[in-house]
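Take a look at the structure below. We will walk through it piece by piece, starting with a pair of helices.

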Amino acid sequence: MTLRHTLRLTIILLAVLHALIFFAGFIAPYGFSSQNRDLTFAPPAQIHFVDAHGKIHGRPFVYGLKTDALDPTGYEIDPSQIHPLEFFVAGAPYKIAGLLPATRHLFGVRAPSQIFLMGTDAYGRDQFSRFLYGGQISLLAGLLAAAGALTIAIAVGALAGYYRGWIDEILMRTGELFVALPWLYLLFAVRAVLPLHIAGWQVFLLLVAVMGLLGWARPARLIRGVVLSAKERNFVLAARGFGASDFYLLGRHILPQASGVILTQLALLIPQYVLAEVTLSFLGLGVSEPTPSWGSLLSSLQQYYVLSSYWWMFLPAVLLVPVFLLYYAAANALQERFRSVQL
Amino acid sequence: MKYLSRRLIHAILLLLAISFFSFALLQMAPGDYFDSLRLNPQISSQTVDKIRAQYGLDRPFPVRYAFWLRGALQGDLGYSLASNSAVGPLIGVRARNTVLLSGTATALAWLLALPIGIWSAAKRRRTVDRAAELATSALLTVPDLLLFLALLLLAVRTGWFPTGGMTSAADDESSFWSTFTDIAFHLVLPAFGLALAMLPMLVRHVRAAMIEVLEAPFVRAARGHGIPRLRILFRYALPVASNPLIQLLGFSLATMLSTSVIAEIVLSWPGLGALMVESIFARDLYVVVAIVMLSSIFLVAGNLLADLLLLAADPRIRTE
């Protein structure tokens with residue numbers, strides 16, 4: 001597979017992933033906070049094509065669950081009745097992008113039976129739906145924080161690289177300070193002065209802002225390096241000779257040359273910030289219940305009985321691996337691609 | 001000398017910046033202790049003002065900062081209300097535990113990373129190199145959280161390892177040796193996990209540094225002279241490649257207090273990171289700020305140490 005194919009494939013897959021998360025309301029069969037107190041810690045549903053009598057069904061189906069007679073906390077499959085999977089079913093109302101109200105879901109089974117692709121948690125909430133909704137918080141945090149950090153980095157890198165002199169000196173020394181900061185502890189410290197129970201979105205925005213503010217230094221140094229060499233290119237000098245302003249030169253000729261570095265850094269920073277959000281929420285310092293995030297989905301694993309008895313509670317963590325893999329692969333491919341362009 | 005003095009000034013500036021930030025954080029927390037006195041109708045507002053003046057709370061911000069800084073320099077980091085003790089000793093014990101954990105892990109990670117990195121650089125684009133590349137990429141994409149949770153699951157399920165903590169039972173009578181083995185037994189899992197988490201980045205850096213050197217003409221010349229392979233690798237190439245690696249080692253030492261946060265919490269190792277999270281929930285602000293300060297001091301010290309090592313190892317910097 002050539003470089004171009006790798007790059008295209010990773011970007012397409014990333015786009016699909018983000019689309020899935022963006023349309024979480026449609027893909028997820030249930031809302032993120034709908035509880036089933038009689039179905040706590042239900043195991044993931046298995047999708048069958050062949051029923052107990054050996055009959056093959058064209059439409060996939062699931063079996064219902066009934067409480068185990070011997071073990072009140074366990075479940076056993078109830079093979080007496082099949083529940084066929086249906087598509088584009090009406091269900092719990094949700095909003096697309098927080099605006100358009102809708103009730104159609106991609107799939108589901110007819111009520112009162114239910115389908116839990118990734119099992120349920122301690123409140124009987126569908127883990128699959130919560131994983132999709134949780135991605136909205138985690139990925140948005142990653143995207144916003146990375147965008148914030150890169151915006152600062154572009155401004156700083158452009159100023160320092162273009163004007164040199166004392167501006168360069170001050171900005172780059174400050175950058176060295178920021179690179180060295182123990183940023184996870186600083187994030188904790190900022191979280192510590194906030195009240196523990198403030199509105200979810202406030203915590204979210206604040207954490208994103210802090211993460212963005214702390215992370216600009218490394219990309220800024222890289223961008224500065226590109227600006228330094230880019231502003232000596234002949235066509236830039238020519239444009240300057242024709243009387244182009246500093247602002248025009250930076251925006252039209254110099255910064256576009258840094259686009260490779262910027263994109264690569266974006267692909268590297270997003271998973272890093274997603275991971276930071278996951279860590280904070282895992283510790284209970286991020287968004288609060290019932291809003292899910294990829295980190296808070298894992299926090300119940302801190303209890304030993306959940307950890308050792310319910311393997312499907314691990315699924316959200318396992319699903320993070322391909323997500324990060326995609327981002328790192330994209331970053332690698334981008335780096336290779338822009339390196340070959342420059343040579 | 002110019003190099004060293006510049007690094008020193010930089011270190012001091014960094015510490016000042018972080019101390020200022022920490023103090024600002026303390027000030028940002030809403031209200032102060034005496035605000036509640038104002039609600040008491042029997043205490044006049046003049047009295048409250050007088051008490052505030054007594055504690056220096058009426059002074060302007062820079063003056064209070066100077067006072068706080070002087071206290072911190074003398075080791076007075078404040079008082080932990082949650083555990084009812086001075087912050088200094090409380091943090092001391094936890095920091096020792098953290099250093100024990102992450103020090104072991106760092107040593108383990110470096111001991112593994114150096115041979116793996118050198119080997120895969122020497123066998124570049126061969127099966128060994130590809131395998132190492134695949135393994136490090138896989139490790140890199142596994143979030144630390146998942147790694148430690150999986151290790152904890154291993155401990156809970158198999159019972160081969162203790163499921164957290166640092167010692168089995170509080171037994172003051174036990175001999176030094178039994179305490180030592182007990183702690184070592186508890187250390188295995190978290191240290192191993194943390195080393196695994198550190199490993200991929202280290203291996204990649206070692207490999208990249210070695211490859212750069214191995215491509216240099218002098219290595220080809222040495223090979224042409226018939227100097228043995230291993231001697232070229234370790235005696236000729238490694239010292240030249242050590243420059244970025246020493247910086248990386250400094251970084252490893254510098255981040256020693258903060259890399260183990262997740263490991264400590266998931267595997268309940270009584271370290272600084274665990275204390276940090278406990279303190280946030282207990283709203284024990286002085287502890288939080290003291291931990292930030294302590295880890296920054298470690299950071300600065302680690303980077304300075306790396307600079308000194310670099311000075312000793314690289315003649316080019318000495319003659320600069």
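In chain B of this predicted model, helix 8 meets helix 10 through a set of named residues. From helix 8 of chain B come His205(B), Val206(B), Ala209(B), Met210(B), Glu212(B), Val213(B) and Leu214(B). Facing them in helix 10 of chain B are Ala237(B), Val240(B), Ala241(B), Pro244(B), Leu245(B) and Leu248(B). What classes of residue make up this contact? Eleven are nonpolar, one is polar and one is charged.

Two packed helices are described by the angle between their axes and the distance between the axes. Here helix 8 covers residues 176-214 of chain B and helix 10 covers residues 229-254 of chain B. Their packing angle is about 145°, and their axes lie 9 Å apart. The crossing of helix 8 of chain B with helix 10 of chain B is right-handed.

Now step back to chain B as a whole. Its domain assignment gives two parts: domain 1 spans 2-85, and domain 2 spans 88-319. The centres of domain 1 and domain 2 of chain B, taken over C-alpha atoms, are 35 Å apart. How many residues are in contact between these domains? Domain 1 of chain B brings 22 residues, and domain 2 of chain B brings 21. On the domain 1 side, helix 1 (2-28) and strand 1 (79-80) of chain B each supply at least two residues. Helix 1 of chain B gives the largest share, eleven residues. By class, this side of domain 1 of chain B has 14 nonpolar residues, seven polar and one charged.

One loop residue in chain B deserves a stop. Ser268(B) has a positive phi, near 40°, and is not a glycine. Ser268(B) sits in the loop between helix 11 (261-266) and helix 12 (272-281) of chain B. Is Ser268(B) buried, exposed or partly exposed, and why? Ser268(B) has 18 C-beta neighbours inside 10 Å, so it counts as partly exposed.

Next comes chain A. Chain A holds twelve helices and five strands. Its C-alpha trace spans about 85 × 45 × 35 Å along the principal axes. Of the 343 residues in chain A, 39% are buried.

Three strands of chain A form an open sheet in the order 1-2-3, with antiparallel pairing. Why do strand 1 (48-50) and strand 3 (75-84) of chain A each have one side without a neighbour in the sheet? Strand 1 and strand 3 of chain A stand at the edges, each with a single partner strand, so one side of each has no neighbour there. Neighbouring strands of this sheet are turned by 50° against each other on average, direction ignored. Strand 2 (residues 56-67) of chain A is joined to strand 3 of chain A by seven bridges. Along this part of the sheet, Thr67(A) stands opposite Tyr75(A) in strand 3 of chain A.

Chain A has a residue with positive phi too. Arg164(A), which is not a glycine, has a phi of about 50°. Arg164(A) lies in the loop between helix 3 (127-163) and helix 4 of chain A. Arg164(A) is partly exposed, with 14 other C-beta atoms within 10 Å.

Notes: Residues numbered from 1 in each chain as written. Chains lettered and ligands numbered in written order. Predicted model: local features only at pLDDT ≥ 70, side-chain atom pairs only at ≥ 80, totals over all residues. Domains from an automatic or database assignment. Contact = placed C-beta atoms within 7 Å. Helix = DSSP H or I, 4+ residues; strand = E, 2+ residues; numbered from the N terminus. Nonpolar A, V, L, I, M, F, W, Y, C, P; charged D, E, K, R; others polar. Pairing = 2+ DSSP bridges. Axes fitted to C-alpha atoms, helices over the stretch in contact; angles between N-to-C directions. Left-handed = near helix turned anticlockwise from the far one by under 90°. Buried ≥ 20, exposed ≤ 12 C-beta atoms within 10 Å, placed from the backbone.
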